[in-house]
Amino acid sequence: MAFALPARIDVHQHIVPPVWAAALAARGLDSGGWAIPAWSPSGAIAMMDQQGIAAGVLSVTAPGVHLDTDRDAGALARAVNEYGAEVVKDHPDRFGHFASIPLPDVDAAVAEAVHALDTLGADGVVLMSSVHGRYLGDPDFEPLWAELDRRNANVFVHPAQPPMPLLPGTPAPLADYVFDTTRTALNLVLNGVMDRYRNVRVILSHGGGFLPYAAYRFSGLTSTVVAPDRSEEDVLRDLKRFYFDTALSASPSALPALLAFAEPGHVLYGSDWPFAPQAAGSYYNHYLETYPDYAPGQADAINRGNAEVLFPRLAG
């Protein structure tokens with residue numbers, strides 16, 4: 001089946017603000033063993049034109065903005081978000097923006113979310129899957145979820161390096177990120193966040209890690225071993241509230257599992273550029289474009305239509 005569709009909306013595309021790159025360099029940090037690539041608006045637009053992407057929603061990747069102290073994290077988040085807002089202002093038809101949030105400082109995180117959404121016009125927020133060993137279902141993070149729920153916010157969850165040593169010779173994005181995404185998604189469901197805050201739209205990176213593949217393992221064991229007061233259907237309902245992007249996940253083995261599990265309208269296109277180079281994008285686009293078993297209209301929806309619902313500003 002050909003994938004002859006309107007230009008894509010890419011919900012997993014990264015920005016590299018100079019102030020953020022400098023902050024990482026000053027601390028000797030990278031992105032989970034992955035080098036920080038060069039980035040510019042013109043370079044991003046050139047890639048998008050070559051890959052059939054009409055618009056990209058930009059986000060800062062791991063390790064996010066909380067690199068050491070709360071004070072530094074708040075200042076870095078504000079600088080990063082102002083930079084992203086300026087990029088969107090200069091290219092409003094090509095870019096959206098997920099604002100960075102300085103968790104685990106909850107008060108600063110709430111304040112920055114409000115500022116970014118209300119003043120800077122961000123299209124949502126990006127949260128790392130874990131921050132200094134704490135996952136997104138942490139009860140202390142409840143005020144942030146409540147604020148995001150009040151604002152019907154889009155929340156993009158990007159994986160981080162789990163709180164464990166890297167596997168020797170294996171950067172975290174290669175293997176550990178899919179694990180950390182799955183871990184935080186299950187944490188959000190088991191701690192009731194996905195049930196309590198139904199106005200937020202939570203997008204999981206990379207096809208949700210291995211959540212679609214393991215969802216019925218989670219629901220069956222939760223209801224019989226972990227929390228017998230919850231039924232399998234309750235757990236599956238909350239797991240199915242997630243949205244998923246296709247970045248690095250549109251493969252012959254992963255895509256069928258994702259489409260079998262995700263609710264209609266919950267699968268969105270993602271590239272992961274520039275941390276995934278353009279050649280990787282072409283590799284996964286090929287599988288996305290040649291997948292033989294789409295339902296009528298499903299390919300078009302993944303490519304663009306589902307994202308238009310979440311990001312109506314980019315629908316034009």
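Trainee: Hi! What should I know before I start?
Mentor: This is a predicted model, so local features need pLDDT of at least 70 and side-chain atom pairs count only at pLDDT 80 or more, while totals for chains, interfaces and linings use all residues. Residues are numbered from 1 along each chain as its sequence is written, and side-chain values use heavy atoms, with hydrogens and water left out.

Trainee: Okay, where is Asn154 found?
Mentor: Asn154 is in strand E7, residues 154-158. Strands (E, at least two residues) and helices (H or I, at least four) are DSSP runs, numbered from the N terminus.

Trainee: Is Asn154 buried or exposed?
Mentor: Asn154 counts as buried because its relative accessibility is 4%. Buried means under 20% relative accessible area, exposed means over 50%, and partly exposed is in between, using a 1.4 Å probe and protein chains only.

Trainee: Which backbone oxygen does the side chain of Asn154 reach at 3.0 Å?
Mentor: That is the backbone oxygen of Leu310. A polar atom of the Asn154 side chain also lies 3.1 Å from the backbone oxygen of Asp123.

Trainee: And which residues does Asn154 touch?
Mentor: Leaving out residues up to four places away in sequence, Asn154 touches Phe98, Asp123, Gly124, Val125, Arg201, Leu310 and Phe311. Contact here means heavy atoms within 4.5 Å.

Trainee: New topic! How many salt bridges are there?
Mentor: The count comes to 18 salt bridges. A salt bridge is a side-chain nitrogen of Lys or Arg within 4 Å of a carboxyl oxygen of Asp or Glu.

Trainee: Which residues are linked in a network?
Mentor: Salt bridges link Asp195, Arg198, Arg230, Asp234, Arg237 and Asp238 in a network. In it, Asp238 meets Arg230 at 2.8 Å, N to O, and Asp238 also meets Arg237 at 3.1 Å.

Trainee: Why does Asp238 count as buried?
Mentor: Asp238 counts as buried because its relative accessibility is 0%. Arg230 counts as buried too, at 15%.

Trainee: What about Asp234?
Mentor: Asp234 forms a salt bridge with Arg237, with the closest N and O atoms 3.6 Å apart. Both lie in helix H9 (residues 232-239), 3 residues apart, about one turn of the helix.

Trainee: How do Asp234 and Arg237 score on accessibility?
Mentor: Asp234 counts as partly exposed because its relative accessibility is 28%. Arg237 is partly exposed as well, at 33%.

Definitions and conventions
A polar contact is a pair of N or O atoms within 3.5 Å; within protein, one must be able to donate a hydrogen and the other to accept it, and residues adjacent in sequence count only if both atoms are side-chain atoms.
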